[in-house]
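Have the model on screen while you read.

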Amino acid sequence: MSLLFYRRPDYIAKLPGPMNLTQCQIYVERTQKHRRAIPPELSFENIIQNKALPPCTLQDFMDYLVYVSHDAENLQFWIWLQAYTKKFYATSPSEQALSTPWPAVDGLQPTGNGPNQRPRTADKSKLGVNEYEINFDQQEPPMVPQFDKQSFISSMANTTKSAADSVEDANAQVGLKWQSFTIQPFRSEINRVISHYIAPNSPRELNLSHKTRAAVLHALQHTTHPSAFALVRDIVEGTLRGQSHPNFIRWSICNGNRPRVLFVRNSGIAHVAGAVLLAIFLILSHASRWWRLFCFPLFLVGFSIGVAAYKGLCVIIHTGHCRNLRPWEQFAGGGSLGSLDNDDEAALSTSTDDVFSMSNRGPKRGISMDTFGTSNSYDHELWVERYKKLPLLQRIFAQNLWIQEETIRVLQDRIVLQSHLWSLIVTVPLTAALVALPQVGLY
């Protein structure tokens, strides 16, 4: 990587409207142009396999999608599909025979198979799903934000529609009137996935077009084979690889929260403005022109911290290779969904248990890692109100945490050194020009 010209991954904005394969290809093409900005240690595969250290673990990626990007449903669905694919192929051949592979479809149009027509057998080489070993036990337990327990119980208790009803409604909206094959393996789990991710207005609805949704629902009526999710898989993976992952790496390189970065950036502007005012004062006076050299350190510091802050780094925090705690991390350790007592759990109805299984939550998994649950809205979390009440100074000078991922530290070192070099390149000729100006001698 070039030292003077290294750039973080460019921010990739979301394209308007529902996602399709064409838009995902645009994401991938944009990412390929700047692939050198992401080291191999921070590749999509390493993040997904949880091989990176904080702040680039899989849980950190999920936190970014929940609290910053607001599209965590893509990763939640994708993780489920990887696990489901392995589980499906671990069943006996007789069970797999009940759910034949769904044929590969070009484009996003549903196939023309009717309810009494069996789908064509697809080439198994075209049905491969990238498998990743997702390990949740390598890292320290993530700092889980606090939740408003009562709000959660109320919202869950109001959820009475079963997964089967949701699937029936979703099929009716796309014109599919007949019932799915119930003897196929994992049919109940497929219904839950449809009611959580595919059906319109579902808790974690994926951003799919009507054609894509109809094609997937049509395939899932015939089979529970993982290939039925091929269209959704390609779209979700394309979005994760081409948009979410580069933006996550760009965000992870920053070591300061927004208040801290804005404070440092304004400090840099203040230093530069002070240097300019000092230079004007000395030029207009009878003072020796060599006094103008005192502008040099002000320019150097101002440009240096300003350039680093423009790239999301606070040079003061960087001296210890630390980062600010994120807002949702600052109030970790209190009551969460995992701390519901027996009375609270009894308040949940049986139908609610079908929506959200608490038994699957391990001690080293964040709340958002659960496949089935409520929407990814975090307005009910306790940290939201508490953070709003924090004084500005406490937001600026938030608690710091050491960065464990060495690759992030190296990239930050490169950016800070780059800011120092560019500051020196600009400051030396600027100061020389100020010293060379003649005196005005007004006072």
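1. Start with H3: Leu58, Gln59, Asp60, Phe61, Met62, Asp63, Tyr64, Leu65, Val66, Tyr67 and Ser69 are buried there, where buried means under 20% relative accessible area with a 1.4 Å probe, protein chains only. Put another way, 11 of the 12 residues in this helix (58-69) are buried. Helices here are DSSP runs of H or I with at least four residues, strands are E runs of at least two, and numbering goes from the N terminus.

2. A caution before going on: this is a predicted model, so local features need pLDDT of at least 70 and side-chain atom pairs count only at pLDDT 80 or more, while totals for chains, interfaces and linings use all residues. Residues are numbered from 1 along each chain as its sequence is written, and side-chain values use heavy atoms, with hydrogens and water left out.

3. What covers H3? The cover over its buried residues includes helices H2 (44-48), H4 (73-89), H10 (230-253) and H16 (382-389).

4. Now the rings. The whole structure holds 23 aromatic pairs; rings of Phe, Tyr and Trp (its six-membered ring) pair if their centres lie within 6.5 Å, and planes under 30 degrees apart are stacked, over 60 edge-to-face and the rest tilted. Tyr67 and Trp383 make an edge-to-face pair, 5.7 Å centre to centre with 80 degrees between the planes. Tyr67 lies in H3 and Trp383 in H16, so this pair ties together parts 316 residues apart in sequence. Tyr67 is buried at 9% relative accessible area, and Trp383 is buried at 7%.

5. For another pair, look at Tyr84 and Phe88, which are tilted: 6.3 Å centre to centre, 40 degrees between the planes. Both lie in helix H4, four residues apart, about one turn of the helix. Tyr84 is buried at 1% relative accessibility, and Phe88 at 0%.

6. Finally, the overall picture. The protein has 18 helices and two strands, and buried residues make up 49% of its 443 residues. Of the contacts (heavy atoms within 4.5 Å) between residues at least 6 apart in sequence, 82% join residues at least 24 apart.

Key:
Buried < 20%, exposed > 50% of the residue type's maximum accessible area, 1.4 Å probe, protein only.
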